[in-house]
Amino acid sequence: MLGSELELRLLNYRDTSPLTGGQVDDEPYGGGAGMVLRVDVVAAALDAVYGEAPSHRVVALTPQGRQLDQELVEELAEEEALTLLSARFEGFDERIVEQLATDAVSIGPYVLSGGELPAMVLVDAITRRLPGALGSEASGLEETFSAELDGGFEYPHYTRPAEFRGWEVPEVLLSGNHARIADWRREQSRARTPS
Ligand SMILES: C[S@@+](CC[C@H](N)C(=O)[O-])C[C@H]1O[C@@H](n2cnc3c(N)ncnc32)[C@H](O)[C@@H]1O
């Protein structure tokens with residue numbers, strides 16, 4: 001676990017760059033547009049923070065990585081610590097992904113301008129799986145993609161008023177019959193989950 005209290009540290013490659021003027025990227029070998037994040041810069045940042053190669057997982061955020069899903073979130077939420085690496089422009093020197101990172105993760109099959117939003121998505125998804133993150137421990141157990149719902153979609157929710165513009169809440173939810181409600185929810189979850 002990341003601990004009962006989450007500790008987040010935000011680091012800027014420029015602060016530990018061994019290059020003059022806080023340079024972090026360079027032109028691609030072989031030519032082409034855009035700038036590439038340098039491997040020596042990322043190595044210096046990791047050395048400055050951890051002293052040596054981190055003993056925990058180092059995740060490079062890239063659209064070419066393993067696509068993030070709830071299973072991967074649960075897996076990463078078990079880790080004591082994580083380092084997330086973001087890039088911009090053309091992305092990482094490939095040696096960062098191959099040598100410095102242990103994982104490459106994509107948040108979806110589309111290209112964003114930088115790794116900041118993917119990092120925030122990952123942090124949010126992981127944080128809510130940590131003990132004590134949600135108000136009630138039960139909340140977050142039965143939800144979309146959870147094992148409790150066989151990886152399917154969650155059932156629909158309703159709240160007051162019971163009737164609005166003629167749109168009524170399903171009668172079973174007002175019945176007070178917990179067994180019937182549980183059956184109905186399972187059925188709804190199965191029905192709305194794509195096969
Ligand atoms: C413009 S993208 C680089 C795209 C790269 N040239 C390519 O074609 O695969 C810049 C950076 O944004 C981040 N990024 C963009 N889309 C992402 C995604 N879907 N998942 C994770 N990170 C992403 C990565 O850190 C990436 O290196």
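This is a predicted model: local features need pLDDT of at least 70, side-chain atom pairs count only at pLDDT 80 or more; totals for chains, interfaces and linings use all residues.
The protein comprises 6 helices and 8 strands, arranged along the sequence in the pattern α-β-β-α-β-α-β-β-α-β-α-β-β-α. Its radius of gyration is 22 Å, well over the 16 Å that the globule rule gives for 195 residues, so the protein is more spread out than a compact globule. Along the principal axes, the C-alpha atoms occupy a box of roughly 70 × 35 × 30 Å. Of the 195 residues, 33% count as buried. Among contacts with a separation of 6 or more, 66% involve residues 24 or more positions apart.

An open sheet is formed by 3 strands in the order β1-β2-β5, and its pairing is mixed. Strands β1 (25–26) and β5 (91–92) stand at the edges; each has a single partner strand, so one side of each lacks a neighbour in the sheet. Strand β2 (residues 36–37) runs parallel to β5, to which 2 bridges join it. In one of these strand contacts, V36 has G91 of β5 as its bridge partner.

Helix α6 (residues 178–192) contains 15 residues, which at 1.5 Å a residue should span 21 Å; the end C-alpha atoms are 21 Å apart, in agreement with this expectation. Residues I181, W184 and S189 of α6 are buried. These residues cover an arc of only 135 degrees around the axis, and therefore lie on the same side of α6. The face turned away from the buried side carries the exposed residues A179, D183, R190 and A191. At the N-terminal end, α6 is capped by N177, a side-chain oxygen of which lies 3.2 Å from the backbone nitrogen of A179.

Terms used. Residues are numbered from 1 along each chain as its sequence is written. Side-chain values use heavy atoms; hydrogens and water are left out. Two strands pair if DSSP finds at least two bridges between them. Helices (H or I, at least four residues) and strands (E, at least two) are DSSP runs, numbered from the N terminus. The expected span of a helix is 1.5 Å times one less than its number of residues. Buried means under 20% relative accessible area, exposed over 50%, partly exposed in between (1.4 Å probe, protein chains only). The arc is that of the directions from the helix axis to the C-beta atoms. A polar contact is a pair of N or O atoms within 3.5 Å; within protein, one must be able to donate a hydrogen and the other to accept it, and residues adjacent in sequence count only if both atoms are side-chain atoms. The radius of gyration is taken over C-alpha atoms; the globule rule is 2.2 Å times the number of residues to the power 0.38. Contact means heavy atoms within 4.5 Å.
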